[in-house]
Amino acid sequence: MSREGLEARFALSRSSSFNLDVELTVPPSSTAALLGPNGAGKSTTVAVLAGLTGIDEGVIALNGEVVDDPTKDVFVPARERRVGVVFQDYMLFPNMDVVENVAFGLRSRGVDREQAVARASEWISLLGLDGAERKRPGELSGGQAQRVALARALAGDPDLLLLDEPLAALDVTIRSDLRRQLAEHLSVFPGPRLLITHDPTEAFLLADEVHIIEDGSITQSGSPDDIRLRPRTRFAADLAGANLLTGVARDGVVTFGEGTGRDGILRIVDHVLTGPVMLTIAPAAVSVHLERPEGSARNSWLTTIEQLEPIRDRVRIGLGPPLAITAEVTPEATESLGLETGLQVWVAVKATEIGVEGA
Amino acid sequence: MSRGRAEERAPVSLIVLAILGAGLFAVPLLGLIWRVPWRQLPALLTDDVVIDALGLSLVTSLTSTGIALLLGFPLAWLLANREFPGRRLVRGLVLLPLVLPPVVGGAALLFALGRRGLVGEPLYQTTGLVLPFSIWGVVLATTFVAMPFLVITVEGALRNLDRRYEGAAASLGASRWTVLRRVTIPMIAPSLIAGMVLTWARAFGEFGATITFAGNLQGRTQTLPLAVFVALESNRDLAVAISLLMVVISLAVLVALRERWWKP
């Protein structure tokens with residue numbers, strides 16, 4: 001019953017107040033994201049899967065081979081486990097140059113120097129790092145350091161690739177570019193890939209399946225669309241449920257759905273940005289009215305309620321064309337406004353509430 | 001420098017006290033240089049007493065540094081990385097020679113390792129080895145006094161090292177020995193070198209424990225500091241010449257390593 005990819009189901013307690021209980025499967029050639037706030041257990045999960053920490057209960061298997069199972073006294077330590085890790089802050093060895101960093105794993109596993117350097121050089125040029133071979137980590141840009149970390153993790157031909165917040169150390173202005181590059185680079189690795197992140201945009205754009213982790217447990221798993229449209233927890237609704245829209249910006253106006261005849265537009269604060277953009281709008285920032293709203297909200301339009309779904313203390317409202325976005329209102333407001341599926345309503349979003357990023 | 005203008009001027013009283021402090025270091029040095037008999041210097045420095053003491057001092061201080069590295073590094077590593085019963089006690093013991101008067105240290109060594117000592121007596125009876133009043137006695141006394149510098153410097157560096165680098169190395173398949181050799185030691189190298197220099201300097205200048213445990217025999221246990229002490233009673237010019245020699249050697253080591261390792 002050898003199965004490909006990563007299969008992990010484990011529990012461990014760090015203290016009386018923190019217990020981690022995780023179940024994850026990642027098939028080969030796919031990327032899963034573990035998305036959660038700080039302190040949710042993401043770092044511990046990295047340590048567990050990498051073999052730096054043992055588990056209390058459960059089984060972890062890589063390509064069908066059990067690497068951790070306390071009941072059978074099996075524990076394959078990090079140095080014998082074939083897991084490539086891109087660590088948070090990359091952890092490139094400062095005393096070695098780029099080639100030595102990338103070749104480190106091969107050298108450690110007994111490959112002779114010449115061959116290790118040759119294979120490291122292949123990875124270095126595959127990831128577009130030509131010319132940086134003899135640089136020390138301190139001389140690299142954030143993006144280069146990330147690619148060196150990726151090359152170092154992949155050079156050992158691992159059975160699993162773990163990426164721990166691979167974009168968090170980068171400057172915000174270059175993050176979206178590098179996220180796209182990372183997506184390309186990830187596809188070179190044929191095994192299972194697990195991305196650990198606190199950033200929903202990253203998770204949704206890079207992963208095939210997203211697992212939400214909160215307080216040490218996975219609270220929801222599903223495709224990015226699944227989670228975005230049907231968040232099951234407060235956190236998922238707040239972060240994962242944010243409206244993501246892609247359009248084209250020009251002179252402070254973003255146009256969507258070109259060619260559909262009925263274009264939606266949104267005004268944004270940034271008047272300089274031109275070209276494809278990605279907008280994020282928190283559902284709570286979208287207000288719903290029966291009459292045309294007055295005041296500072298310059299983005300308002302008439303639409304239809306397509307879906308109403310109560311989640312804990314809020315109601316999520318799925319809105320129809322011209323812009324399919326989600327709003328969140330209180331149950332009281334839903335009642336007093338008499339909101340229901342099929343009702344025509346006015347929707348408003350302040351330009352200052354719209355997050356804009358070049359796409 | 002634009003920053004200079006933004007900085008407030010330091011209080012005058014502070015400057016005066018700081019100058020006094022610097023003077024405390026500078027004046028004795030000037031006093032020594034002022035007393036140097038430059039004409040006779042070549043003759044004085046080629047005196048048998050000086051040649052013997054110089055050779056002995058270099059050999060024993062370097063051997064001490066080597067032993068301190070061999071024994072002190074593992075001690076520092078364990079203190080920094082592992083919880084074990086009595087760790088606080090061990091750390092206290094390591095620090096003890098720093099605060100203990102060296103003469104007391106020498107006396108303690110004598111009671112422990114002298115021919116009638118706790119360990120020395122069985123050692124003599126089984127192997128015939130006598131540590132006091134031998135070159136090994138000098139090495140032992142200087143190591144006892146100087147090794148704490150290596151242990152505390154290295155322990156501090158290991159504690160400050162980001163453990164995640166070692167995790168990264170392990171995940172890349174490195175054995176514990178490879179991690180130590182290729183990651184840990186290179187990353188703490190500046191502190192390791194600094195600790196070794198401090199250890200060497202302390203061993204090179206050691207007096208109290210050496211004279212108590214190893215005695216003062218020219219050519220066998222008389223190191224440079226001991227030779228200065230003897231010469232002060234009999235031949236002041238010789239004492240000044242040896243002192244100058246020690247100042248020059250110590251400064252040379254300090255300056256040479258500062259260039260390479262102690263970049264601010």
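Predicted model: local features only at pLDDT ≥ 70, side-chain atom pairs only at ≥ 80, totals over all residues.

How many residues does the contact take from chain A, and how many from chain B? The contact takes 17 residues from chain A and 14 residues from chain B. On the side of chain A that touches chain B, E7 and helix H2 (98–108) of chain A are the elements that give two or more residues. H2(A) gives the most to that side, with three residues. By class, the side of chain A that touches chain B divides into ten nonpolar, four polar and three charged residues.

For the complex, the predictor gives an ipTM of 0.79 and a pTM of 0.76. The mean pLDDT of chain B is 92, and 95% of the residues of chain B reach 70 or more.

Let me turn to chain B as a whole. Chain B has 13 helices and zero strands. Its C-alpha atoms fill a box of roughly 70 × 65 × 30 Å, taken along the principal axes. Of the 264 residues in chain B, 34% are buried. If we consider contacts in chain B between residues at least 6 apart in sequence, 74% of these join residues at least 24 apart.

Next, a helix pair within chain B. Helix H5 (residues 87–99) of chain B packs with helix H8 (residues 135–160) of chain B at an angle of about 125°, and their axes are 8 Å apart. H5(B) and H8(B) are therefore oblique to each other. The crossing in which H5(B) passes H8(B) is left-handed. On H5(B), the contact is made by B:Val94, B:Leu95, B:Pro97 and B:Leu98; on H8(B), it is made by B:Phe144, B:Val145, B:Pro148 and B:Val151. Which classes of residue does the contact of H5(B) with H8(B) have? It has eight nonpolar residues, no polar residues and no charged residues.

An α-helix has 3.6 residues a turn, so residues three or four places apart point the same way.

The axes of helix H3 (residues 113–126) of chain A and helix H4 (residues 142–155) of chain A cross at roughly 135° and come within 9 Å. That angle makes H3(A) oblique to H4(A). The crossing of H3(A) and H4(A) is right-handed. From H3(A), the contact is made by A:Arg119, A:Ala120, A:Trp123 and A:Ile124, and from H4(A) by A:Ala151, A:Leu154 and A:Ala155. The residues of this contact comprise six nonpolar, no polar and one charged.

In helix H9 (residues 163–171) of chain B, the buried residues are B:Glu166, B:Gly167, B:Ala168, B:Ala169, B:Ala170 and B:Ser171. What covers the buried residues of H9(B)? The cover includes helix H1 (42–50) and strand E7 (83–86) of chain A, together with helix H10 (176–204) of chain B. Just after H9(B), B:Gly173 takes a positive phi of about 95°.

H1(A), which is among the elements that cover H9(B), is itself mostly covered, with seven of its nine residues buried. Those buried residues are A:Lys42, A:Thr45, A:Val46, A:Ala47, A:Val48, A:Leu49 and A:Ala50. H1(A) is followed by A:Gly51, whose phi is positive, near 90°.

Finally, the backbone of chain A. Most residues other than glycine have a negative phi. A:Glu165 is not a glycine, yet A:Glu165 has a positive phi of about 45°. This residue is found in the loop between strand E8 (160–164) and helix H5 (172–186) of chain A. Is A:Glu165 buried or exposed? A:Glu165 has 20 other C-beta atoms within 10 Å, and therefore counts as buried.

A:Asp251 is likewise a residue other than glycine with a positive phi, in this case near 50°. A:Asp251 is found in the loop between strand E12 (243–250) and strand E13 (253–256) of chain A. Because A:Asp251 has 10 C-beta neighbours inside 10 Å, A:Asp251 counts as exposed.

Thank you for your attention.

Conventions: Residues numbered from 1 in each chain as written. Chains lettered and ligands numbered in written order. Axes fitted to C-alpha atoms, helices over the stretch in contact; angles between N-to-C directions. Helix = DSSP H or I, 4+ residues; strand = E, 2+ residues; numbered from the N terminus. Parallel < 35°, antiparallel > 145°, perpendicular 65-115°, else oblique. Left-handed = near helix turned anticlockwise from the far one by under 90°. Contact = placed C-beta atoms within 7 Å. Nonpolar A, V, L, I, M, F, W, Y, C, P; charged D, E, K, R; others polar. Buried ≥ 20, exposed ≤ 12 C-beta atoms within 10 Å, placed from the backbone. pLDDT = per-residue confidence, 0-100.
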